[in-house]
Amino acid sequence: MAASRNFDQIGERILLAARGELYLNLPYLDAALCGLALRPGGEMTLSLAADGETLYYNGSFLAERYLRGRVLCNRAYLHVILHCMLRHLAKKQDRVPELWDLACDAAVESILDALHYPCLENGPVPAKQTFYGLCRAEMPVLTAEGIYRFLLKERYPEYRLAQLQRVFLVDDHGLWAPPEKEKKERTQRQDRQWKNRSDKTRTAMETVLAGQAEGGEPVLEQVRAAVRDDVDYRAFLRRFATPREVPEVDGDGFDYSYYSYGLRLYGNLPLIEYPETREEKRIRDFVIAIDTSMSTKGELVRQFLACTYAVLRSTETFTRKVNIRILQCDDRVRKETVIRDLEELRGYMEDFQLSGGSATDFRPVFHRVEELQKQGAFNSLQGLIYFTDGMGIYPGKRPPYDVAFVLLEEPPISMKMPPWAIRLVLDAPALEKACRETDLSLDTDINELPEL
């Protein structure tokens, strides 16, 4: 018992020392570093384990690590803190536990390996670097969600997963188990608290502590992804709608002159005649640009088109007859397709093939749209959506319509978009969800949509 208490005290002192050294080197993490209470774990964990409120530790584990070098203890402490900051605990539900745990560990370790501070540097591990390289071929920023999708796609055999788990394993994820019903409220509260801490960290790194955050770009990239709110692509697309008259009886409007005349003439019988048209926001003229450089994959583009088609079918926003231009472009416009109705868009989506594969230059698309406007191809062009990874040459001048760049992954900090561009980060699950929800809500046949 005495030896156990000694190890508990030693473990607490090691963690407090690690917290202090990390704060001196990474002051922008001050709120997060103190976000967990420290408590001896006893038989609960053989290493470190966190439940969002408390960090349970094994004193003998920490003592052994400290003897090998205090950098290992610093990395272990920050490893757990980053799990909480990136909200890995609350996101585990409805995912394959083994793959999600591995994806979270790999994402966190990629941050630690990219932070070049003396208190964290431990030298490169070839097995880690090889796995990072495979993942970076699929995504610009190594997020847990992106690595999880990569692991699902690759279908590694058990021995390969075991190898990766040994490479990246630091802490115990046993307390991440999906909570029981009575614990859900506590889990949601903890998640909100850590999102708030992460948001404060992001703000500090971008503003008052920007000068002291040099070298912390890997943290900022991941934190931006962690605090990003879920996006409703359907609502986002509707922002490009403009008011139009629709041939439909407007039950909410009528001529007050007839109303008052009926009251004057009959005493208590107003005359009401509803207008035969109503004003609604709808989209007719639209441009969809697709980045066909080597970084874009056909299946992702097909998902994006499928989601866009599902939204276009919404009777609340779109007409049956449309004027959509789809431009495929890498360093020049490779293919241009005119879509006159939604059935044509559906056929285009089903038979879609990428044209291109060179470097990315966004300017040719905007030059082509300018030519089309001069030719009178659009009556009222309100917007352009560009599906891309965001890495390319942007126009120097803002066009006379709204432009949104739809990205499937959080872009690296090195990517600088022009201030007039609308940036929308929409991951693959969000695309699938938008398609699914829109299809479920649509009971109207496409032929019933107004033509305008």
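Mentor: C34 counts as exposed because its relative accessibility is 52%, whereas C329, at 0%, counts as buried; the structure, which is a predicted model, holds 0 disulfides.

Turning to the charged pairs, the count of salt bridges comes to 21. One of them joins the side chains of R75 and E109, with an N to O distance of 3.0 Å, and this pair links distant parts of the chain, since R75 lies in helix α4 (residues 70-85) and E109 in helix α5 (residues 97-114), 34 residues apart. Both R75 and E109 are buried, and the two belong to a network of salt bridges that also takes in D113 and K128.

Another salt bridge brings together D101 and K92, at 3.2 Å from N to O, and here too D101 and K92 are both buried.

The salt bridge between R202 and D199, at 2.6 Å from N to O, sits within a single helix: the two residues are 3 apart in helix α9 (residues 181-206), which means that about one helical turn separates them.

Apart from the charged pairs, L265, Y266 and L269 make a nonpolar surface patch of about 310 Å².

Terms used
Residues numbered from 1 in each chain as written. Predicted model: local features only at pLDDT ≥ 70, side-chain atom pairs only at ≥ 80, totals over all residues. Heavy atoms only, no water. Disulfide = S-S within 2.5 Å. Buried < 20%, exposed > 50% of the residue type's maximum accessible area, 1.4 Å probe, protein only. Patch = residues over 30% accessible without salt bridge, like charges linked within 9 Å, V, L, I, M, F, W, Y side chains within 5 Å. Areas by Shrake-Rupley, 256 points an atom, 1.4 Å probe, with all protein chains shown as cover. Salt bridge = Lys/Arg side-chain N within 4 Å of Asp/Glu carboxyl O. Helix = DSSP H or I, 4+ residues; strand = E, 2+ residues; numbered from the N terminus.
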